[in-house]
Amino acid sequence: MNPEIKKIDTDVLIIGAGGAGLRAALEISQANLSCLILTKSVLGKAHTVMAEGGIAASLGDVDPQDNWTVHFADTIVEGVYIGNYRMAELLAKEAPERVYELERYGALFDRTPEGKIMQRAFGAHTYRRLCHIGDKTGLEIIRVLEDQILYRDNVKILDETVVTKLFAKNNRAIGAVAWSLREGIFYAISAKAIIVATGGLGRIYKVTSNSHESTGDGISLAFQIGARLRDMEMVQFHPTGMVWPEGVRGLLVTEGVRGEGGILLNKNGERFMLRYSPEKKELDARDVVARAIYREIIEGRGTEHGGVYLDITHKGAAFIKKKLPAMYEQFKEFAGVDITKEKMEVAPTVHYFMGGIYVDPETTATTVDGLFSAGEAASGLHGANRLGGNSLADILVFGRRAGIYAALYAKDHDLIKLDDSEVEQEVKRVLDYIDDKATEDQDPYIIIEDLRQTMSDKVGILRDPNDLEYALNKIYSLKEKAKNVRARGSLTFNQGLLGCLELNHMLLLAELIVRAAIERKESRGAHFRKDYPKKDRSYLKNIVFDYNDNNIKMSYIPVPEIPDDLKKYVKEEVYD
Amino acid sequence: MTKKKFRIFRFDPNKDKEPYFKEYEVDVKEGMVVLDAVIYISQMIDTTLAVRWNCKAARCGSCSAEINGKPRLMCKTRVSDLGDTITIEPMKAFKIVKDLVTDVSINFEYAKKIPKFNPKPGLPQIWQMQQISVERAQEFKRCIECFLCQDSCHVFRNHKDNYYIGPRNVIKTAIYDFHPLDSEDRTEFLDRSGLNFCNVTKCCQEVCPEHIRITDNAIIPEKERLLNRKDPLYKLVSKLKGRDR
């Protein structure tokens, strides 16, 4: 096989066409620089389209008392004090302008009777704060950003194109090799600056709300050229995923259901959240509600299919169809359940990754020069637990910032061309996975499914030290097996080859998740240890990973202290 | 557990002279959708089978195909609603990349030509809109770009010599046209984009997985707008009423 390798030079390369990538591209285009966006799926299909409930911004259109200081404090407190205060401050201050900007791009949010933007309640937000379009907010964000991008000549999009390797020279990111599934060819891209906006890694788990493409590629690729990673133990379980039928197990049931008044019941009809969280009840932080549901299930008070009930029938059919149309449709189509008349069955599902690439709060710069990151791939903002609606705010606020600062960097630096021989070596590495004589036991998906099952079974909501050790050993043995994976067929849309490439990222990231989970001997936010069920002051710090010469190094960094002028807004952390 | 046969269209332009069908047998579980079976085949039986999917929740519009001849999302089609042998083919309106995967980029090429959203001049920094005035456009905004409407449209599919941007892009135009604060006139654009070729058979509306009333709520109103625009009397009245839009 001797595939074509097309060379492209660009000012800025963006990997990922979700909200963060597209918002960044807009800034680069406006700075009159050339921008190339690579995305694994078709344009407009990124995981952002799955975001349902809304975008958190303290407009105060429904609750006028709301303002950025409350949003800031909510974010820090629910991140259990290991989030970066500056990122939380920027998010809280800039989110409203990002929402108004979407409106100027053509977004049509639901309205209040006064014609302002409607905002709904969401877990652990002090006020009603989530601006929304029914339960399809993410789709609207992607479409209006897409509309802005499509018309621009200096933005080029290569969709269904997978980055196989990033390149760095003297700790500066200089380019990438990518494989186009659709064209069956390779691209060698030299760029002055690179933004990683590839989203999360939920697909490492069996039960997840994440799209097929969320395999953490960008986080892994950045790590391998020296970008520091942080908070890898922090995997968010959304309290409510579908449990049945099996094919949709894990599929998200939006927090909007609870935000609009839905209640949780166990099989005995008990509203159990009154026991776990008498004040906030169903609308406590996600980690609290997820653990409560999980406990109900393992203690034998679960439903037939291994979930609990979520009931919104009391709100009436008209209201439900208007405010939660996608949920109505989803249950009707997939489970044959009419949620205006029947209860839903739900259980926790892997939803979001708080950890990821370490970034500078202002500029989104990583520890590699010229490499930036925003959105779910980056870390710091959400600490140990993310608030619903903060991720859509995150991708816009920090996607924009990534664009601005990557553009500044690109204006200041020359292009360093990729070395031809290194490109050829990388292409050869990928092609070596293709072997038409390969046997079926060399298919990557056997290992991928084994890994996903292991992560769901052993690295879940309540973490047991023996389970974590088991998982780590399992990952090491799967890594050995992974050396033999092969794919058959041509380079065009080769799923087997895609699986081979993704598998390596998934195994690396799974290892880091488990190692960090073993290391943090306390319970904080999404990370809950059976043997250390309490929060421990000595762990008020972030675990980070660095990669040098094939060595993975784990260490701690302190959480930057909140300055006094911000501290006054946040209630002090308490330990038992 | 029952088994069903999946007859899947195969064609790799790199090596195959002709398309062919290949049969796979899959154990059917309760509640299974067609995409469950196709993913199982492509991951566990034959990794050379190309299929495009992403969210598996009818949210992203990636897994469009023709199932027993009907344009549908594979993730939203229950296996139990179909017979013992299920035939799956790619959308026929688009060029085949491989097997079930088609090249849908033409839709974006057409989308680029739509005159973009153009807010009225002199609006305040923060806009006010009533719920009732945003609802029509919100219906069209449910579109997940699965392009099944394009696939089902006989003008778009069979009469390539008649340039028509297709139902999806009429919907996209209507999103702007029904935006309460938009000021652009897109009638001239629609006039040269083949809207007249549509003879309102409502095929697009029937296949829409989002149940958008594409023909009733977007195509017909846009057609009327186009007709009115050409009517000299209407033009005059509009001008007199200062409603030149």
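This is a predicted model: local features need pLDDT of at least 70, side-chain atom pairs count only at pLDDT 80 or more; totals for chains, interfaces and linings use all residues.
Visitor: What about phi, what value does A:Asn171 have?

Guide: A:Asn171 has a positive phi of about 60 degrees, although it is not a glycine, and its place is the loop of chain A between β7 (161–169) and β8 (172–180). In general, most residues other than glycine have a negative phi.

Visitor: Why does A:Asn171 count as partly exposed?

Guide: A residue counts as exposed with 12 or fewer other C-beta atoms within 10 Å and as buried with 20 or more, and A:Asn171 is partly exposed because it has 13 C-beta neighbours inside 10 Å.

Visitor: Then A:Asp549, buried or exposed?

Guide: A:Asp549 is exposed, because 4 other C-beta atoms lie within 10 Å of its own. This residue is in the loop between β17 (541–548) and β18 (551–558) of chain A, and its phi is near 45 degrees, again a positive value in a residue other than glycine.

Visitor: Switching topic, which domains does chain A have?

Guide: The domain assignment gives domain 1 (15–234 + 354–412), domain 2 (239–349) and domain 3 (432–541) of chain A. The centres of domain 2 and domain 3 of chain A, taken over C-alpha atoms, are separated by 28 Å.

Visitor: How many residues of domain 2 of chain A are in contact with domain 3 of chain A?

Guide: Five residues of domain 2 of chain A are in contact with five residues of domain 3 of chain A. On the domain 2 side, helix α8 (residues 286–301) of chain A gives the largest share, four residues, and by class that side has three nonpolar, no polar and two charged residues.

Visitor: And how many residues of chain B are in contact with chain A?

Guide: There, 51 residues of chain B are in contact with 49 residues of chain A. The elements of chain B that give two or more residues to its side are α1 (34–45), β6 (95–98), β7 (101–103), α2 (105–111) and α3 (131–140), and this side has 22 nonpolar, 14 polar and 15 charged residues.

Technical notes:
Residues are numbered from 1 along each chain as its sequence is written. Chains are lettered from A and ligands numbered from 1 in the order in which they are written. Two residues are in contact if their C-beta atoms, placed from the backbone, lie within 7 Å. Ala, Val, Leu, Ile, Met, Phe, Trp, Tyr, Cys and Pro count as nonpolar, Asp, Glu, Lys and Arg as charged, and the others, Gly among them, as polar. Domain bounds come from an automatic or database domain assignment.
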